Amino acid sequence: WLKCLRSALLKHQSVAMVVPEPDVEVPAGSVKKGAKIFKAKCAQCHTIEKGGATKQGPNLYGIFGKQSGSTEGFPYSAANKESGIIWSDKHMFQYLINPKTYIP
């Protein structure tokens, strides 16, 4: 019966393998410096408030612990939707180093 259930579920949704967290050390940060960097490099495309608008990029409120490519109302690429990434500080750190290679 599990085989039948799995088969039925796979017909109705895309199931991505979960990618393990990268083996990296995320350096300690500064809230003040992080806010300045976000304003300069990210705020043009993203909002971070609960219920914030979708811009050129999706709203990032509550992103940690969430499946990549799953924010409602944003047209993600297939690569992003199928990446298998559950956002964590380690995934985000690696992604921000080079987004195009982390999710090609």
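**Figure 1. His91 in helix 4 of the predicted model.** His91 has its place in helix 4, in a model that is predicted. The relative accessible area of His91 is 1%, and this residue therefore counts as buried, the term being used for values under 20%. The side chain of His91 is joined to the side chain of Tyr102 by a polar contact of 2.6 Å. When residues up to four places away in sequence are not counted, His91 touches Val19, Pro20, Glu21, Pro22, Ile85, Ile86 and Tyr102.

**Figure 2. Ser83 in the loop between helix 3 and helix 4.** Ser83 has a relative accessible area of 17% and is therefore buried. The side chain of Ser83 reaches the backbone nitrogen of Ile85 at a distance of 3.3 Å. Residues up to four places away in sequence being left out, Ser83 touches Met17, Val19, Ser68 and Ile103.

**Figure 3. Asn59 in the loop between helix 2 (31-41) and helix 3 (78-81).** Asn59 counts as buried because its relative accessibility is 9%. Two polar partners of its side chain may be located in this view. The side chain of Asn59 makes a polar contact of 2.7 Å with the side chain of Thr47. A polar atom of the Asn59 side chain also lies 2.7 Å from the backbone nitrogen of Tyr61. Neighbours within four places in sequence being set aside, Asn59 is in contact with Thr47, Ile48, Glu49, Gly51, Gly52, Ala53, Thr54 and Thr71.

**Figure 4. The largest pocket and its lining.** The volume of the largest pocket is about 1,400 Å³. Its lining is formed by 42 residues, and those that lie nearest the centre of the pocket are Cys42, Leu60, Met92, Tyr95 and Leu96. Helix 2, helix 3, helix 4 (89-97) and helix 5 (99-102) are the elements that give two or more residues to this lining. Helix 2 supplies the largest share, with 7 residues. By kind of residue, the lining of the largest pocket divides into 26 nonpolar, 11 polar and 5 charged.

**Figure 5. The protein chain as the setting of the close-up views.** The protein chain contains 5 helices and 0 strands, and from the N terminus on its elements follow the order α-α-α-α-α. Of the contacts in the protein chain with a separation of 6 or more, 35% are accounted for by residues 24 or more positions apart. The protein chain exposes about 8,100 Å², and 60% of this area is supplied by carbon and sulfur atoms.

Key
Residues numbered from 1 in each chain as written. Predicted model: local features only at pLDDT ≥ 70, side-chain atom pairs only at ≥ 80, totals over all residues. Heavy atoms only, no water. Helix = DSSP H or I, 4+ residues; strand = E, 2+ residues; numbered from the N terminus. Contact = heavy atoms within 4.5 Å. Areas by Shrake-Rupley, 256 points an atom, 1.4 Å probe, with all protein chains shown as cover. Buried < 20%, exposed > 50% of the residue type's maximum accessible area, 1.4 Å probe, protein only. Polar contact = N/O pair within 3.5 Å; in protein donor to acceptor, adjacent residues only side chain to side chain. 1 Å grid on protein atoms, 1.4 Å probe; cavity = no way out; pocket = protein on both sides within 12 Å on 5 of 7 lines; lining within 4 Å. Points joined across faces, edges and corners; volume = space filled by probe spheres on them. Nonpolar A, V, L, I, M, F, W, Y, C, P; charged D, E, K, R; others polar.
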